[in-house]
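Open the model in a viewer and keep the selection tool at hand. The stops below say what to select and what is there.

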Amino acid sequence: MDKQAILQAAESYVKKELSTDSSGHDWWHIYRVRNTALTIARNENADLFICELAALLHDIADEKLNESEEAGLKKVQDWLIENKVEKPYIDHVIQIISTMSFKGGNRQPMETLEGKVVQDADRLDALGAVGIARTFAYAGSKGDLVYAPELKPRTSLTKESYRNGRSTAVNHFYEKLLKLKDLMNTEYAKTLADERHRFMELYLEQFFSEWEGEK
Ligand code: ADP
Ligand code: NI
């Protein structure tokens, strides 16, 4: 099994598959998650090949891009078999991606170190300067406002109310982003998340000062 060739092929495949995506899962999201996953993996002594391969393929199975989660996972599995990835590696990558894309209520915890690394890298991409940019881009694409003081952040969201209720980009920080640092699995990701979290707090402070014309 030629690991470098497989990673190359995975990169080309993902670029092609996600070339038309505008839901926040474009190639550059994958690029950042891959790089962050490798940074965390080196610090946590995780398997670099598994982390890189799972990071590259993690959004191929996303329910937004497939008929169902099962169909998405089958697509990834077929690709891995076609590209002659050995069975234990296939099983590990599929296990990581299926746990990551499981959006239902009872979230399963990640079982392996490599899974923890890739999940942390994906969550980190929702934080910090990049996370802020993605949030406003996503809100704009949904037709949400940047901010509206009368719309309060929603608490204890169900999947449905989250999808259908009205919100704003700034509310998304309180509904999700500021909670993510406490969900990190690995120590190294926690240090990265803390820094990105502080940056978002600083950003919000400045934002509200400007909103009131104070600064
Ligand atoms: P993931 O990469 O975990 O699949 P999502 O598909 O939920 O993330 O979201 C993609 C990006 O859009 C993330 O940066 C996320 O924070 C942002 N986002 C998701 N939902 C909203 C929302 N309701 N308002 C603003 N930004 C959002
Ligand atoms: Ni992702």
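The tour goes from the domains to a helix residue and then to a metal site.

This is a predicted model, in which local features need pLDDT of at least 70 and side-chain atom pairs count only at pLDDT 80 or more, while totals for chains, interfaces and linings use all residues. Residues are numbered from 1 along each chain as its sequence is written, chains are lettered from A and ligands numbered from 1 in the order in which they are written, and side-chain values use heavy atoms, with hydrogens and water left out.

**Domains.** Select residues 1-104 for domain 1 and 126-215 for domain 2; these bounds come from an automatic or database domain assignment. Taken over C-alpha atoms, the two domain centres are 26 Å apart.

**Q8.** Next, select helix 1, residues 3-17, where Q8 lies. Helices (H or I, at least four residues) and strands (E, at least two) are DSSP runs, numbered from the N terminus. Is Q8 buried or exposed? Q8 counts as exposed because its relative accessibility is 52%. Buried means under 20% relative accessible area, exposed over 50%, and partly exposed in between (1.4 Å probe, protein chains only).

**Nickel site.** Now select the nickel ion (ligand 2), coordinated at 2.1 to 2.6 Å by H29 (NE2), H58 (NE2), D59 (OD) and D122 (OD). Donors are N, O and S atoms within 2.8 Å of the metal (3.2 Å for Na, K and Ca); water is not among the atoms, so sites may look incomplete. Along the chain, the donors follow the spacing H-x28-H-D-x62-D. H29 lies in helix 2 (residues 27-44) and H58 in the loop between helix 3 (48-57) and helix 4 (69-82), so the pair ties together parts 29 residues apart in sequence. Both H29 and H58 are buried.
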